[in-house]
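Here's a quick briefing to read alongside the model. Have the viewer open and follow along topic by topic.

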Amino acid sequence: MSAILEKFLSTQARVDESAIQPLPNSQKIHVTGSRSDIQVPMREISLSNTQLNNKQEKNLPLTIYDTSGPYTDPKSSIDIRKGLTEIRKPWIEDREDTQRLPQTNSQYSHQQANDPSLDHLRFPNKKLPRKAKKDCNVTQMHYARQGIITPEMEFVAIRENQRLSEYKAQCFRQHPGQSFGAQLPNEITPEFVRSEVAKGRAIIPANINHPEIEPMIIGRNFLVKINANIGNSAITSSISEEVDKMTWAIRWGADTVMDLSTGKHIHETREWIIRNAPVPIGTVPIYQALEKVGGIAEDLTWEIFRDTLLEQAEQGVDYFTIHAGVRLAYVPLTASRLTGIVSRGGSIMAKWCLAHHQENFLYTRFEEICQIMKAYDVSFSLGDGLRPGSIADANDEAQFAELETLGALTQIAWKHNVQTMIEGPGHVPMHLIKENMDKQLACCGEAPFYTLGPLTTDIAPGYDHITSGIGAALIGWYGTAMLCYVTPKEHLGLPNKRDVREGIVTYKIAAHAADLAKGHPGAQIRDNALSKARFEFRWEDQFNVGLDPDRAREYHDETLPKESAKTAHFCSMCGPKFCSMKISQDVRDYAAEKGIETDSAFTQGMAEKAAEFRHQGSKIYREA
Ligand SMILES: C[C@H]1O[C@@H](n2cnc3c(N)ncnc32)[C@H](O)[C@@H]1O
Ligand SMILES: Cc1ncc(COP(=O)(O)O)c(N)n1
Ligand code: SF4
Ligand SMILES: [Zn+2]
């Protein structure tokens, strides 16, 4: 393990080649906002023509949401050692409510910066942190409540629309959805974004020290988002592996990434990740605080924790998981559980509370934490420290007691205009999932819900991306704003790059299935485009419109690798004579030849059959 760690050298850090490969038939486009520096990235997939008997019909390119940042833009040159362009810098500076600090406020950051033994690991292009000017509140919620539409808000409005108005001209089919009370306007305006942020129904995680991000929004009335967890552990992984996981995660579609490192060089690893991340980064600061006290929960203090908050806020972490709902009185409620407290943060705080027989300091110091959050615009992700870790423990008293407390804390955070979302379970059987969403909406004033899965059964270690993808799709449909992925390695080990991809694609499926079921305007455009390509045997288009073009192509080519198979009217599943889509097309051709519309051909056929049936005495079974 340490052999791998030693291999990392700042001077030799390189971008992962696999993260900068162009996506097939895709082009990075930017939609410009009201000012020229609002450049909202999207991916445009071009499609081939439909071959009709003697002419060709054009298929318009497809615009899709793009989380991959400049990595997939051939026009940008990536230098991991420099970090990404600070696109938000002018927006932050124009507000004139922040200042550069002469040095960091965190003692720990100061120590790390002056430790020569870390020179070879350190991110080379480090800048001084920014902080709110005295008595200023720099949160997006604060601006929103003052009626200000920030460039960040306008950016997310354009981003959420995905150029839908341009597709409206074409008629596309979409089923009406069942949104369970979510309000999904046909067009997202910057004013709608502002009002949702003002009401606390959505958050735009955007630390003033993370000017590199392309802003995104998390809320029930927007597209469902997904988060990917990465980070090292004491057992395995290095700085470069974690940076590679981040760039890999956004390539496949992670909307935010959490760095959950608990191993060596947490501070340095995070710096490399943030400086190169175009998506918001979340952390659980108590993990690093625990590292600082040698892993002994009882030795945690408010002072060490506070310094860790400053350290991470000044590095640019966009949201903090804070397990402030694990109150001393709730710990005994977990005694009869099958799997106790499975949340890392939750178990650490429970141990501290019991050892000192004192109320959780994250709870008692909550307003002091808010003061720090609003000076950098770090959003809260109020931790579900008492989430169920097994089907047996789902929806129990401990879990819902904590949820009530998270609701009360949300009100305090909102009093300080600190953006807040709520973390949710966990392990929950399907029929108990809806109660989680309903209770969260009721307790937490419609603050966005952010759930881990939930895993709908415990019996499939090795496949928990699937056990949880099922729960994620359901809870996303009911109104969860962001789905935290679970990889196939859950309960078994630290995920590697392969697991990250598997987890993300699984969660992209869950999130999109939820968008479709909610009736999100335009959600069906991509499904329609893929199905049309499939029906017309435009194999390349079928691969490219999908969430994982590489795998689709690989699977197809496993049996029919020849170029000629890319126009064949069958695949190896049914073969040429049994391909139903081919036969169905023959039916249409036949009808066209006979000069009858397909619909009426069917109707006519049905009428003839029906008459015959009646003639035979309307018996279902005819005597032999
Ligand atoms: C809360 C969730 O976070 C995941 N988790 C915890 N640490 C890491 C890490 N270093 N990398 C990826 N996932 C992690 C756990 O699998 C749990 O499901
Ligand atoms: C949705 C969700 N819930 C919880 C955590 C934190 O992990 P833990 O609670 O185990 O410290 C997380 N990262 N995401
Ligand atoms: S995933 Fe592994 S280390 Fe984490 S709680 Fe479960 S058994 Fe413990
Ligand atoms: Zn679990």
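A residue counts as buried when its relative accessible area is under 20%, as exposed when that is over 50%, and as partly exposed in between (1.4 Å probe, protein chains only). This is a predicted model, so local features need pLDDT of at least 70 and side-chain atom pairs count only at pLDDT 80 or more, while totals for chains, interfaces and linings use all residues. Residues are numbered from 1 along each chain as its sequence is written, chains are lettered from A and ligands numbered from 1 in the order in which they are written, and side-chain values use heavy atoms, with hydrogens and water left out.

**Ligand 2**

- Around ligand 2 sit 13 residues, and the closest are Tyr287, Ser343, Arg344, Arg387 and Glu423 (to be near, a residue needs a heavy atom within 4 Å).
- By class, that shell splits into five nonpolar, four polar and four charged residues; Ala, Val, Leu, Ile, Met, Phe, Trp, Tyr, Cys and Pro go down as nonpolar, Asp, Glu, Lys and Arg as charged, and the others, Gly among them, as polar.
- Helix H12 (344-356) and strand E16 (449-452) each put at least two residues into the shell, and E16 gives the most, with three. Helices (H or I, at least four residues) and strands (E, at least two) are DSSP runs, numbered from the N terminus.
- Now the polar contacts, meaning pairs of N or O atoms within 3.5 Å; within protein, one must be able to donate a hydrogen and the other to accept it, and residues adjacent in sequence count only if both atoms are side-chain atoms.
- The side chain of Tyr287 has an N or O atom 2.5 Å from an oxygen atom of ligand 2, and a backbone N or O atom of Arg344 is 2.9 Å from an oxygen atom of the ligand.
- Asp384 brings a polar side-chain atom to 3.1 Å from a nitrogen atom of ligand 2. On its own the ligand exposes 360 Å², and the protein buries 96% of that (Shrake-Rupley accessible areas with a 1.4 Å probe; for residues, only the protein chains shown count as cover).

**Ligand 1**

- Arg344 and Arg387 turn up again among the residues around ligand 1, along with others including Asn229, Gly231 and Leu452.
- This shell has five nonpolar, three polar and three charged residues.
- A polar side-chain atom of Asn229 is 3.1 Å from an oxygen atom of ligand 1, and a backbone N or O atom of Gly231 is 2.9 Å from a nitrogen atom of the ligand.
- Arg344 places a polar side-chain atom 3.0 Å from a nitrogen atom of ligand 1. Of the 400 Å² of accessible area that ligand 1 has on its own, the protein covers 81%.

**Zinc ion (ligand 4)**

- His427 and His491 are the protein donors, each through NE2, at 2.0 to 2.1 Å from the zinc ion. They are 64 residues apart, with His427 in the loop between strand E15 (420-424) and helix H16 (433-443), and His491 in the loop between strand E17 (482-484) and helix H18 (497-518).
- Donors here are N, O and S atoms within 2.8 Å of the metal (3.2 Å for Na, K and Ca); water is not among the atoms, so sites may look incomplete.
- His427 is buried, at 8% relative accessible area.

**Two buried loop residues**

- Asn360 lies in the loop between H12 and helix H13 (361-364), is buried at 0% relative accessible area, and reaches the backbone nitrogen of Leu362 with its side chain at 2.7 Å.
- Val138, in the loop between strand E7 (130-132) and helix H4 (140-145), counts as buried at 1% relative accessibility.
- The C-alpha atoms of Val138 and Val418 are separated by 9.3 Å, although the two are 280 residues apart along the chain.
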